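Trainee: Could we go through this model together? I would like to begin with the ligand site and then turn to the strands and loops.

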Amino acid sequence: VAPDRQEYARRWRLTAADPRVVLLDGFHAVKHALRFGADVRLVLTTDRAGLRALSRDMAPDIAAPLDTSAVELPAALVRTLVPKADPTGVVALATRPDDSALAALPRRSPVVVLDHPRNLGNVGAVVRLAAGLGATGVITTGDLDPWHPNALRGSAGLHFAVAVARRERDDLPAGPLIAFDPDGDDIRSIGVPDDALLAFGSERHGLSPDLRAKADRLVAVPMTAGVSSFNLATTVAMGLFHWLSGRAGGC
Ligand SMILES: C[S@@+](CC[C@H](N)C(=O)[O-])C[C@H]1O[C@@H](n2cnc3c(N)ncnc32)[C@H](O)[C@@H]1O
């Protein structure tokens, strides 16, 4: 391997060691990060011609900056840096945004609260929903890091399109708290205000007693008799879509 390639690998290792830096694995994650203004520090590709073709077909808006910033390295060397890199062979490192201003964000759309989620794939899917449906952000309680690489993979890099943060249950932003639980009132009987917090329980244990007690409303998405619950991310989709459906202007 030529020395300049080793220099890029060295720079990657150094940057990746910074705790504020997150891994973007795959073309789509890097595309969304660039499109939504992430501070992308290093981009590697194992196949520049393939990267150009993907950009041309799927992201002409960021094709030029991506081509300029990407460094082509042999796949074997990239595997030493990211052992299970996405098949597109595109990986990047970006700075995780500061989330301290979350409470002060203007609230024109709900914030999703995931109460102690256990599955990083669900967290990523919910961030992607929040970005796609125009929510303000996603807050998680509990010990999982919502910026974990597996959550970023699940969101296809859309963490950079909305606010994503971990908080304690007693440190949530202001706003009416609407908690989702299969035993609640039919969601169709209420309107969801734009400044609502929409709270969802963990995959195994449901809502914590703490959030249940704090909730202004407990609501359910109706289910056919005999079905005990929906998957967490699909319930978030239905909750956000219910909010959106009640809104005059749409997304
Ligand atoms: C997989 S469910 C958890 C099931 C859990 N065994 C329980 O006891 O609630 C994860 C979360 O999705 C939401 N959820 C799932 N189905 C729902 C429904 N039909 N109505 C409202 N919320 C639902 C709730 O917030 C729930 O805590």
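Trainee: What should I know about the model before we start?

Mentor: This is a predicted model, in which local features need pLDDT of at least 70 and side-chain atom pairs count only at pLDDT 80 or more, while totals for chains, interfaces and linings use all residues. Residues are numbered from 1 along each chain as its sequence is written, and side-chain values use heavy atoms, with hydrogens and water left out.

Trainee: How many residues surround the ligand?

Mentor: There are 17, where a residue is near if one of its heavy atoms lies within 4 Å. The closest are Phe 180, Gly 201, Arg 204, Val 221 and Phe 230.

Trainee: Which polar backbone atom is 2.9 Å from a nitrogen atom of the ligand?

Mentor: That atom belongs to Phe 230. A backbone N or O atom of Asp 181 lies 3.4 Å from a ligand nitrogen, and an N or O atom in the side chain of Thr 235 is 3.5 Å from a nitrogen atom of the ligand. A polar contact is a pair of N or O atoms within 3.5 Å.

Trainee: How much of the ligand does the protein bury?

Mentor: The protein buries 84% of the 560 Å² that the ligand exposes when taken alone; these areas come from the Shrake-Rupley method with a 1.4 Å probe.

Trainee: Which elements give two or more residues to the shell around the ligand?

Mentor: They are S8 and strand S10 (217–220), and S8 gives the most, with three residues. Strands are DSSP runs of E with at least two residues, and helices are runs of H or I with at least four, numbered from the N terminus.

Trainee: Changing topic, which strand does S8 run parallel to?

Mentor: Strand S8 (residues 177–186) is joined to S9 by four bridges, and Ile 178 stands opposite Leu 198. Strand S5 (residues 111–114) is also parallel to S9, with four bridges, and there Val 111 stands opposite Leu 197. Two strands pair if DSSP finds at least two bridges between them.

Trainee: Are the side residues of S9 buried or exposed?

Mentor: Leu 197 and Ala 199 on one side, and Leu 198 and Phe 200 on the other, are all buried. Buried means under 20% relative accessible area, exposed over 50%, and partly exposed in between (1.4 Å probe, protein chains only).

Trainee: And the loops: where is His 116?

Mentor: His 116 lies between S5 and helix H6 (120–133). Its phi is near 55°, a positive value in a residue other than glycine, and His 116 is partly exposed at 29% relative accessible area.

Trainee: What is the phi of Ala 156?

Mentor: Ala 156 has a positive phi of about 55° although it is not a glycine. Ala 156 is in the loop between helix H7 (149–155) and strand S7 (163–166), and counts as buried at 9% relative accessibility.

Note on methods. Polar contact = N/O pair within 3.5 Å; in protein donor to acceptor, adjacent residues only side chain to side chain.
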